[in-house]
Amino acid sequence: METLGKYIIFFDGDCLICNRFVQMLLKIDRKNKFHFSSLQSDFALDRLISLPKNTDSIVYLSPRGLYIKSEAILNICKDLSFPYRQKSLPLV
């Protein structure tokens, strides 16, 4: 699968919170914009070479770049379709 221009969410397949987040996204992503892969999969291991091996959180690969943890969640929210889309989030 070519990853250029895709929106791919990598998640810790062993984490219940990560799995619940993915389940929520599957329900609200009616246009099937996002693709999903477990961090433990061969696909993720091939694509995420630069990540530390002990990464156990959400990783988001979008056309804009690669994001990890809370930065990944915030960027996923920016890329959601209406009415879930968050246009801009204030910096604290």
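**Cores, strands and an aromatic cluster**

In this predicted model, the largest nonpolar core comprises 14 residues, and those with the most contacts inside it are Ile 9, Leu 25, Phe 34, Ile 58, Tyr 60 and Ile 76. Two or more residues of this core come from each of strand E1 (7-11), helix H1 (16-28) and helix H3 (70-79). The greatest contribution is that of H1, which supplies 5 residues. Another core, of 8 residues, lies apart from this one and has Phe 10, Leu 39, Leu 48 and Leu 51 among its members.

The strands may be followed next. E1 pairs with E3 in the antiparallel sense over 3 bridges, and within E3 the bridge partner of Ile 8 is Leu 61. Strand E3, residues 59-62, is covered on both faces: Val 59 and Leu 61 are buried on one side, and Tyr 60 and Ser 62 are buried on the other. E3 also pairs with strand E4 (residues 65-68), again in the antiparallel sense, over 4 bridges. These two strands, E3 and E4, form a hairpin with 2 residues between them, and Ser 62 has Gly 65 as its bridge partner in E4.

Leaving aside residues up to four places away in sequence, Tyr 60 touches Tyr 7, Ile 8, Ile 9, Phe 34, Gly 65, Leu 66, Tyr 67, Ala 72, Asn 75, Ile 76 and Asp 79. Tyr 60 also belongs to one aromatic cluster with Tyr 7, Phe 34 and Tyr 67. The structure contains 4 aromatic pairs. Another member of the cluster, Tyr 7, has Lys 33 over the face of its ring, at 4.5 Å from the ring centre.

Technical notes:
Residues numbered from 1 in each chain as written. Predicted model: local features only at pLDDT ≥ 70, side-chain atom pairs only at ≥ 80, totals over all residues. Heavy atoms only, no water. Phe/Tyr/Trp six-rings, centres within 6.5 Å; stacked < 30°, edge-to-face > 60°. Lys NZ or Arg CZ within 6 Å of the ring centre and 35° of its normal. Core = buried A, V, L, I, M, F, W, Y, C linked by side-chain atoms within 4.5 Å. Buried < 20%, exposed > 50% of the residue type's maximum accessible area, 1.4 Å probe, protein only. Contact = heavy atoms within 4.5 Å. Pairing = 2+ DSSP bridges.
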